[in-house]
Amino acid sequence: MPRTTRLAMAAGLALGLAAAAAPAVPVLSATTTAATTAATTTQTRPGEPVTAVIRNTAGRVLGTVHVERYDAKKSRVSVGMRGLAPGFHGFHVHAAGVCDPRSVDRATGSAFSSAGSHLGSGAHGDTAGDMPPLLAAADGTASASFVTDRFTPEQLADANGSAFVVHAGPDNFAHIPDRYFHRPDDTGAVGPDAATRKTGDAGARIGCGVVKGRG
Ligand SMILES: [Cu+2]
């Protein structure tokens, strides 16, 4: 890709992030987004924002996620991404701050198994790590900003950190209406299967970004 095109893409991404974020958010520069080599940032004081750089399995930077305090109980999450397949992508916080593309889940064949399961406990859709899916445009860019009361920057930067994970496909949040329930299978289960209950059928983990832990 010509350098000018790359810079234009990076600038567009930075603008998208700036437009979506609150004025207090430091805007990530085009240079940082396009060519950063830093894999992680560390929260040095409780309450400080945290940033994760999302990379694909080949190590290429897909974008950044920035989390800051919104008020006493809520956090604002700002995302800027590029190089995604157009359409929706499941997007979650996973519980371990380790993004190893070579750690492959035996059951699903997905990379980044090292990031562990979703942050928090409960059924998929109700865990602390469940977030709105990303919507990638035809040019592969996605930009989002939302507020959640399910985690704080401090909780993300706990002893073992956490990881922002982008999935290959859409997330149904295990929201399967009763009319789709089937007769009991071998295990006696009558509802959604394991893949639906675990990731909402969002498929493989295609991007991962570490929030480094304090421990
Ligand atoms: Cu996930």
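Of the 215 residues of the chain, 40% count as buried, where a residue is called buried if 20 or more other C-beta atoms lie within 10 Å of its own, exposed if 12 or fewer do, and partly exposed in between, with the C-beta atoms placed from the backbone. The model is predicted, and for that reason local features need a pLDDT of at least 70, side-chain atom pairs count only at pLDDT 80 or more, and totals for chains, interfaces and linings use all residues. Residues are numbered from 1 along each chain as its sequence is written.

The predictor's confidence in each residue, called pLDDT and running from 0 to 100, averages 83 over the chain, and 79% of the residues score at least 70. Over residues 1–39 the pLDDT stays under 50, and for this stretch the model has 49 contacts beyond four places in sequence; two residues are in contact if their C-beta atoms, placed from the backbone, lie within 7 Å.

The chain holds four helices and nine strands, which are DSSP runs numbered from the N terminus (helices are H or I with at least four residues, strands are E with at least two). Read from the N terminus, the order of these elements is α-α-β-β-β-β-β-β-β-α-β-α-β.

Seven strands form an open sheet with antiparallel pairing, in the order S5-S8-S9-S1-S2-S3-S7, and two strands pair if DSSP finds at least two bridges between them. The edge strands are S5 and S7 (142–148), each of which pairs on one side only. Direction ignored, neighbouring strands of this sheet are turned by 20° against each other on average, the axes being lines fitted to C-alpha atoms (for helices over the stretch in contact) and angles running from 0 to 180 degrees between N-to-C directions.

| Strand pair | Bridges | Residues opposite each other |
|---|---|---|
| S5 (residues 91–94) and S8 | four bridges | His94 and Ala163 |
| S8 and S9 (residues 205–211) | six bridges | Ala163 and Val210 |

Strand S8 (residues 162–167) is largely enclosed by the rest of the structure, because six of its six residues are buried. Both of its faces are covered, with Ser162, Phe164 and Val166 buried on one side and Ala163, Val165 and His167 buried on the other.

Ala163 also belongs to the largest nonpolar core, where, of 36 residues, Ala52, Ile54 and Ala163 touch the most other members; such a core is a set of buried Ala, Val, Leu, Ile, Met, Phe, Trp, Tyr and Cys residues joined through C-beta atoms within 7 Å. The elements that give two or more residues to this core are S1 (50–56), S2 (61–69), S3 (75–81), S5, S6 (134–136), S8 and S9. Leaving aside neighbours within four places in sequence, the contacts of Ala163 include His94, Ala96, Cys99, Ala115, Cys208 and Val210.

Ser103 lies in the loop between S5 and S6, and it counts as partly exposed because it has 15 C-beta neighbours inside 10 Å. Its C-alpha atom is separated by 5.3 Å from that of Ser113, which is ten residues apart from Ser103 along the chain. Beyond four places in sequence, Ser103 is in contact with Phe112, Ser113 and Ser114.
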